[in-house]
Amino acid sequence: LALGRRLWEELEASTEPSSGAPAVQEKVRQGLDALQRAAAMVAQLELFSENEELEEIASADLKFMLLPALLGALTLKQVDLSRRREHLESAREHFLRFLKLCRNYGLGSFQLSPRASSEEGAGSPSGPQDPTQPNLVAMAMSRTAKIERYKQKKELENKLASMSSSVESGTADEDQIREFYILQIQKWIGTSLEEIESIEQELVILRSRDAARQAPGGSRGPSRPARAPVKPFILTRDAAQARVFGAGYPGLPTMTVDDWYEQRRRQGVVSQQGFGEPGSPPCPSTPAGASDEELQKQQQETEEAEDDEEALQKARDWDDWKDTHPRGYGNRHNMG
């Protein structure tokens with residue numbers, strides 16, 4: 001018991017950055033082994049019985065009542081994720097065994113949660129509980145109990161701190177030693193209640209995760225119905241505005257490129273040959289049936305227009321003038 005408790009205290013005061021460090025887990029393993037050997041010897045000696053009173057227990061034997069609580073605390077410090085649910089259930093059993101032992105001897109007044117009470121008495125919940133419908137009265141009682149336990153925990157810690165030096169040095173008498181161990185048991189009662197509540201919440205999450213993994217892919221939920229395609233629409237104040245201003249952006253196409261080309265071909269605007277086929281006209285806007293002389297004449301006129309230096313210089317001067325004279329320059333009409 002002394003070795004297991006010392007290892008637990010070292011783990012509580014440890015500054016290791018991770019609880020999964022090899023040194024930390026080695027201490028957890030050693031502490032569990034020591035406490036399990038002590039628990040086996042206590043069970044063999046039958047130190048505690050349901051038919052005796054607290055006054056019948058020797059003061060030196062009271063500290064062995066903490067064995068189940070220490071076992072539960074060290075079990076929670078194991079970090080094997082593949083066995084997390086197993087560790088949680090084992091730790092809860094240790095804490096419940098400790099609380100049942102304390103209740104048999106009249107140590108402390110506490111009330112277990114409905115789930116923990118049913119599992120302690122019958123081994124299974126008394127009935128299905130809907131987590132989506134919380135009991136407000138139970139939540140209020142649980143909050144009040146938490147506040148009360150926190151106050152009691154602080155008072156017990158102060159008393160234990162003032163008595164620990166005399167007990168550890170061996171100067172305390174039997175009454176002081178007995179009171180010291182009873183205070184420790186009462187402190188662990190509050191810790192056990194908090195740990196059981198935390199364990200139950202984590203178990204609910206783990207059960208939901210396991211159920212989601214085992215559920216087939218088709219039963220995860222109803223599939224959404226396919227939505228019909230939504231036609232684009234335009235928001236306007238009234239129909240007149242829609243007719244005048246239109247959409248405000250280029251209209252939606254009413255025909256494909258192939259349909260447009262086929263329509264132009266029937267009108268005789270383009271030839272029957274494709275744009276990229278050999279022998280097709282150099283430009284789709286060239287009238288069908290145009291002779292080579294007309295094409296050459298059109299090309300010559302284009303080149304003459306490009307070679308007209310006077311027209312080109314005039315266009316450049318006009319561009320330069322627009323760069324230095326913004327639109328509306330010199331128009332002072334009706335301006336003060």
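**Notebook: helix packing around α3**

I began with helix α2 (residues 22–45) and helix α3 (residues 67–75), whose axes come within 10 Å and cross at roughly 155 degrees. For these entries, axes are lines fitted to C-alpha atoms, for helices over the stretch in contact, and angles run from 0 to 180 degrees between N-to-C directions. The helices themselves are DSSP runs (H or I, at least four residues; strands are E, at least two), numbered from the N terminus.

I note that this is a predicted model, in which local features need pLDDT of at least 70 and side-chain atom pairs count only at pLDDT 80 or more, while totals for chains, interfaces and linings use all residues. Residues are numbered from 1 along each chain as its sequence is written, and side-chain values use heavy atoms, with hydrogens and water left out.

**α2 with α3**

I recorded α2 and α3 as roughly antiparallel to each other, since angles over 145 degrees count as roughly antiparallel, under 35 as roughly parallel, 65 to 115 as roughly perpendicular and the rest as oblique. The crossing of α2 past α3 is left-handed, a term used if the near helix is turned anticlockwise from the far one by less than a right angle (right-handed if clockwise). I then listed the contacts (heavy atoms within 4.5 Å): on the α2 side are Val 28, Gly 31, Leu 32, Leu 35, Gln 36, Ala 38, Ala 39 and Val 42, and they meet Leu 67, Leu 70, Leu 71, Leu 74 and Thr 75 of α3. By class this contact holds 10 nonpolar, 3 polar and no charged residues, where Ala, Val, Leu, Ile, Met, Phe, Trp, Tyr, Cys and Pro count as nonpolar, Asp, Glu, Lys and Arg as charged, and the others, Gly among them, as polar.

**α3 with α4**

Next I followed α3 to helix α4 (residues 84–104), where the axes lie 7 Å apart and the packing angle is about 160 degrees. That angle makes α3 roughly antiparallel to α4, and this crossing is left-handed. From α3, the residues Pro 68, Ala 69, Leu 71, Gly 72, Ala 73 and Thr 75 meet His 87, Ser 90, Ala 91, His 94, Phe 95 and Phe 98 of α4, a contact that divides into 7 nonpolar, 5 polar and no charged residues.

**α1 with α3**

I also looked up helix α1 (residues 2–12), which packs against α3 at about 40 degrees with the axes 11 Å apart. α1 is therefore oblique to α3, and their crossing is left-handed. Gly 4, Arg 5, Trp 8 and Leu 11 in α1 meet Leu 70, Ala 73 and Leu 74 in α3, and by class I count 5 nonpolar, 1 polar and 1 charged.

**Two single residues**

Val 24, in α2, counts as buried because its relative accessibility is 11%; buried means under 20% relative accessible area, exposed over 50%, and partly exposed in between (1.4 Å probe, protein chains only). Beyond its neighbours within four places in sequence, Val 24 is in contact with Leu 11, Ser 14, Glu 16, Ser 18 and Ser 19, and its C-alpha atom is 7.0 Å from that of Leu 11, 13 residues apart along the chain.

Phe 180, in helix α7 (residues 174–214), counts as buried at 7% relative accessibility. With the neighbours within four places again set aside, I find Phe 180 in contact with Leu 160, Met 163, Ser 164 and Val 167.

**Whole chain**

Finally, I noted 11 helices and 0 strands in the chain, and 25% of its 336 residues count as buried.
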